[in-house]
Amino acid sequence: MAVQGYDYIIVGAGSAGCVVANRLSADPACRVLLLEAGGTDRNFWLKLPVGYYRTIYNQRFSRLFTTEPSEITGGRSIVWPRGRVLGGSSSINGLIFIRGQHEGFDDWERLGAVGWSYRDVLPYFRRYERYRGGESQYHGGLGEFEVSDLRSHNPSSAAWVEAGVEFGLPRNPDFNAATTFGVGRYQLGIGRHWRTSSASAFLAPVAHRSNLTVITGAQVRRVLFDGRVATGVEWIEGGQLCSAAADREVVLSAGALQSPQLLQLSGIGPADLLRGLGIPVVADAPEVGRNLQDHYQARIIVRLKRPISLNDQVRNPIELAKMGAQWLFAGSGPLTVGAGQVGGAACTAHAVGGRPDVQFNVMPLSVDKPGEPLHRYSGFTASVWQCHGASRGQLAIRSTDPFDQPRIEPNYFAEELDRKTIVGGMQMLREIFRQKSFRDLWDVEMAPGEAVATEAGLWDFARTTGGTVFHCVGTCRMGSDEKSVLDPQLRVRGIDRLRVVDASVMPQITSANTNATSLMIGEKGAALIASER
């Protein structure tokens with residue numbers, strides 16, 4: 001089935017894709033088609049901030065990718081959920097809003113992403129942000145994406161911050177200002193009551209535009225070409241094969257797993273892989289699917305002496321009623337929390353140049369994974385991940401079926417530095433727990449447990465029990481060298497009228513959570529596209 005032509009076709013209504021659709025369709029002369037494989041975001045649990053506990057592994061809203069089993073991770077496959085709904089992963093993530101180290105973006109420019117230094121990207125961060133704390137040199141106050149300071153104050157979380165200061169880390173009131181170094185409260189992507197997703201911020205307010213067409217349930221099969229010029233896309237919708245023409249550009253915003261998958265399905269990727277699957281080679285691009293990076297976290301869980309954990313509160317009807325009232329009348333309390341309340345960044349013995357090499361994420365609860373019941377005891381969790389791992393993974397399609405997930409090999413901890421750093425971070429967490437402000441709040445280390453006392457034991461615990469922080473990036477690297485998948489304007493090398501605008505373009509992972517940066521990539525990517533009209 002063929003449909004009408006458009007100026008721009010955007011594949012993927014996730015963090016970046018919704019921004020691009022909003023900005024391009026602001027010109028009433030531009031006809032924009034936005035294709036999303038998932039469904040609508042009209043669901044209470046997608047809107048309630050703490051609802052991510054119910055949605056992140058729910059296949060109604062998330063596609064559950066699995067990594068290849070690896071000896072380094074104890075022979076385990078690790079599940080990587082990615083949003084399959086309007087808003088993409090911004091509709092199911094843990095809401096933490098943090099950009100990462102300034103120096104990380106300067107690294108991008110050093111790695112060939114000219115025009116993507118911190119100084120270059122800050123205006124785009126500020127452009128889309130509406131920070132409830134007000135506009136400043138670091139924050140935007142007039143954008144669409146609402147950002148709030150933490151509005152839930154648990155005494156054990158506050159005590160952990162004090163313990164971090166006693167350990168020797170500076171108090172940091174704003175991780176999105178001058179530095180990420182230190183400990184403090186996280187900012188979250190929430191408004192007065194509800195989650196801010198890319199769909200709620202950028203898509204819902206412009207749904208009335210006659211020049212913007214949004215189609216859900218559309219699994220894109222391939223990009224269409226005339227020689228080396230992208231001319232449109234083909235997708236499957238309700239069992240039917242559909243297509244549309246793009247008079248100006250096709251923009252892939254399908255994410256770090258599915259944008260490279262779609263390029264490979266379309267004939268752009270490692271030539272030997274494509275020929276082996278019978279796919280005509282449009283462009284031999286060996287790095288499509290490579291440079292895969294993710295944050296891998298290990299957790300330490302202690303049991304609190306007093307019932308001040310969320311584990312206790314959720315089992316107490318009176319406390320649950322209080323939570324509901326706090327949220328309803330004040331827009332505060334535990335129902336407004338994300339996947340981390342407090343945390344920070346620090347330098348292990350392996351840090352270089354005074355730049356933090358580990359990030360902490362701390363919550364007054366404990367659970368095996370989101371979606372499962374909280375532990376019966378009064379749990380408190382502190383996790384750590386390496387800011388910039390040295391290891392690199394890859395992904396590659398297995399077949400020509402767009403519904404078949406690619407082979408994903410994260411290659412976690414291939415470099416010894418990564419192993420040493422995660423162990424160093426766990427040792428730091430243990431030291432923070434032992435500081436004056438926190439040491440009398442707990443009595444038992446539940447995981448890994450006091451019996452795990454050596455570096456070798458901590459490493460074995462980390463590799464066999466840890467897992468993803470859901471931050472996969474980098475598989476369509478931008479750069480100035482001929483091997484990079486994209487140039488710094490996000491154009492696919494060797495192809496006309498085709499770009500990638502999402503987390504896959506990052507040359508290097510950000511030091512912290514990735515959603516804020518994915519939104520910035522959408523903002524800057526849209527500006528790059530508009531500048532060439």
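Q: Which residues are linked in a network of salt bridges?
A: In this predicted model, the network of salt bridges joins E249, D487, R491, R499 and E532. In general, side chains of opposite charge can pair when their charged atoms come close.

Q: How many salt bridges does the structure hold?
A: The structure holds 31 salt bridges.

Q: What makes the contact between D41 and K47 a salt bridge?
A: The side chains of D41 and K47 meet with N and O 3.2 Å apart, and the label requires a side-chain nitrogen of Lys or Arg within 4 Å of a carboxyl oxygen of Asp or Glu. The pair therefore counts as a salt bridge.

Q: Why is D41 called buried, whereas K47 is called partly exposed?
A: D41 has a relative accessible area of 11%, and buried means under 20%, so D41 is buried. K47 has a relative accessible area of 26%, which lies between the 20% and 50% cut-offs, and K47 is therefore partly exposed.

Q: How do you know that R171 and E162 form a salt bridge, and which class of accessibility does each residue fall into?
A: The side chains of R171 and E162 meet at 2.7 Å, N to O, and because the limit is 4 Å, the pair qualifies as a salt bridge.

Q: What makes E445 and R430 a salt bridge, and where in the chain do the two residues lie?
A: The closest N and O atoms of E445 and R430 are 2.6 Å apart, which is within the 4 Å limit, so the pair counts as a salt bridge. This pair links distant parts of the chain, with E445 in strand 22 (residues 442–447) and R430 in helix 12 (residues 416–433), 15 residues apart. Both E445 and R430 are buried, which means that each has a relative accessible area under 20%.

Q: What lines the second largest pocket, and how do its residues divide by type?
A: The second largest pocket, with a volume of about 510 Å³, is lined by 19 residues, of which W45, V50, Y53, R54 and V314 lie nearest its centre. Helix 2 (44–47), helix 3 (52–55) and helix 11 (317–330) each give two or more residues to this lining, and helix 11 gives the most, with three. The lining residues divide into 16 nonpolar, one polar and two charged.

How values were computed: Residues numbered from 1 in each chain as written. Predicted model: local features only at pLDDT ≥ 70, side-chain atom pairs only at ≥ 80, totals over all residues. Heavy atoms only, no water. 1 Å grid on protein atoms, 1.4 Å probe; cavity = no way out; pocket = protein on both sides within 12 Å on 5 of 7 lines; lining within 4 Å. Points joined across faces, edges and corners; volume = space filled by probe spheres on them. Helix = DSSP H or I, 4+ residues; strand = E, 2+ residues; numbered from the N terminus. Nonpolar A, V, L, I, M, F, W, Y, C, P; charged D, E, K, R; others polar. Buried < 20%, exposed > 50% of the residue type's maximum accessible area, 1.4 Å probe, protein only.
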